[in-house]
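Welcome to this short briefing.

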Amino acid sequence: MNDNENWVKTYSINDIDDEDVKEFHLPNGNKIAVYNINNSFYATDLFCTHEKVSLCDGFIDGDSIECPLHQGVFKISTGEVLESPPTEGLKIYLTKIENNFIYVNIN
Amino acid sequence: MSDICIIGGGHAAGRLVNNLQKLNYNGNIDIFSEENFLPYERPSLSKDFLLDKKNINDFQIDIDLDKVNYYFNTKINKVDFQNKLIIDLNNKSYSYSKLIFANGSYPKRIFDEDIKGVHYLRNINDSINIKKNIQNSKNIILLGAGYISLEISSSIKKKYPKKEVTIIDISEKILVRNSNDDLRELILKHQRKNNVKFLLKSVIKSVQKNNDESIEFVALDDDKLLACDLLIVGIGVHPNNKIIEGTDLYDDNGIKVNEFCETSIKDVYALGDVALAKNVFLNKFVREESWNNAEKQSNILAQNLIGTKIAYEEIPWFWTDQFDQNFQILGEINNFDNKILRSYSDNKNTFLYIKNKKLIGAVAENNGRDISIIRKILKKNIEPNFEKIQNININLKELL
């Protein structure tokens, strides 16, 4: 493991249904959202960059998540804003699967 | 001469320029704004800006000023369509190739005169003044039980729970426009729980002033006096259509445009609050005063101006945030013949409205996910299975 890797074990790949998302609390107190999109797993910050609301209550449509509050849309794999009102992209985290568990690099 | 000339410097104008610049539009753009601020979005003015949780940088619209001629504090009051000229208050004229009306609306007034302590909320300066005055006021009265007043009452009570806040309205119900009884009940529950008082079927007849000319009491039509040191008036807006009075474009309720934001005069367009626009979903002309309308029409018009003709096909949608609750209103929520309530918990509900066995709209309390799905159902014109909708254990996504 090199210095810019700090992998945190999150859920089993069986814990998250396809096209679903789950909230996870990191050891540093930050909250993230872990997604299963067609058996590919992604992680982003939990809260929308427009208002502090959990994206886990949003609507997943393909590779995008629509915020439940004001319907801003982010691309899950890159964090980029696809539809306003947010202007700032979503922080994303690298993921890897080991022994059927989803690991997230928090560095 | 400008290639594109925009009258108005609000959300719709700013987003139009932002979209044109994203599309690499290279023509000259003139913007005439009556304000001394760059364009900004308005929803925060009654909420987070009032609560000092956001500042203007958080909702100002990003435009490249090097590529536009921005005229601040400039009111255009005449248009000569024949000669393609607009004329400002100082009689200075500017020529245009394409003209855009994005000049919004202005608040209806209760009194013609300006009275110390009586405020209206339309722009950022209004919000700054209201914010300053809330701090020093004990008895705050909001006239008009519309969305603006209900959001302001929520902001005040969140920050100052002990201040007296009373909402007065001439009607027997709150939210006379763009609402229904289901939504009224949901919203009233939270307002009352937070000790906002309501005086419905009441009219403010006059105000009584202190020696320093500031407001002291409001007098109701039954002659009852209410102590009041801050009166915020939110009784609706008028579209800024006086500028075209006497021309073919004039309509009492705005500037009429088709679904492409085009008026009946070539090279003249309108969007945002001032536009009485053909709504394809509702199949009628509507003037929407919403963030979504300003945001999405500006995208359509930008594309139309560069030659990609696209119709505005948005389903009317807006939100209101009050007391940390989010309410969303989609499509037609009146004129239904049946409805289904999906109640997930006390504060999480979705009402779906049906007419002739077709879904026509929805109201959601803290349930934007349902609204996202219902919007897709409406856009795709899917005939939903109402038995499934009634079953709370079935995810609405299954209907897509």
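This is a predicted model: local features need pLDDT of at least 70, side-chain atom pairs count only at pLDDT 80 or more; totals for chains, interfaces and linings use all residues.

Two strands count as paired when DSSP finds at least two bridges between them. Chain B is divided into domain 1 (2–106 + 238–305), domain 2 (109–233) and domain 3 (324–399).

**The sheet**
- Five strands of chain B form an open sheet in the order 22-23-26-25-24, with antiparallel pairing.
- Strand 22 (317–322) and strand 24 (338–345) of chain B are the edge strands, each pairing on one side only.
- From one strand to the next, the twist averages 15 degrees.
- Strand 23 (residues 325–331) and strand 26 (residues 358–365) of chain B run antiparallel and are joined by five bridges; Leu330(B) has Ala362(B) in strand 26 as its bridge partner.

**Helices on the sheet**
- Helix 3 (residues 147–159) of chain B packs on the sheet by touching strand 22 and strand 23, and its direction makes about 30 degrees with that of strand 22.
- Helix 4 (residues 181–193) of chain B also packs there, touching strands 22, 23, 24, 25 and 26, with its direction at about 165 degrees to that of strand 23.

**Where domain 2 meets domain 3 in chain B**
- The C-alpha centres of these two domains lie 32 Å apart, and the contact takes eleven residues from domain 2 and 15 residues from domain 3.
- Together they bury about 1,000 Å², 56% of it on carbon and sulfur atoms.
- Three salt bridges are counted between the two domains.
- Asp324(B) forms a salt bridge with Lys158(B), with the closest N and O atoms 3.0 Å apart.
- Helix 4 of chain B gives the most to the domain 2 side of this contact, with six residues.

Note on methods
Residues are numbered from 1 along each chain as its sequence is written. Chains are lettered from A and ligands numbered from 1 in the order in which they are written. Side-chain values use heavy atoms; hydrogens and water are left out. Helices (H or I, at least four residues) and strands (E, at least two) are DSSP runs, numbered from the N terminus. Axes are lines fitted to C-alpha atoms, for helices over the stretch in contact, and angles run from 0 to 180 degrees between N-to-C directions. Contact means heavy atoms within 4.5 Å. Domain bounds come from an automatic or database domain assignment. Buried area is the accessible area (1.4 Å probe) that two parts lose on being put together, summed over both. A salt bridge is a side-chain nitrogen of Lys or Arg within 4 Å of a carboxyl oxygen of Asp or Glu.
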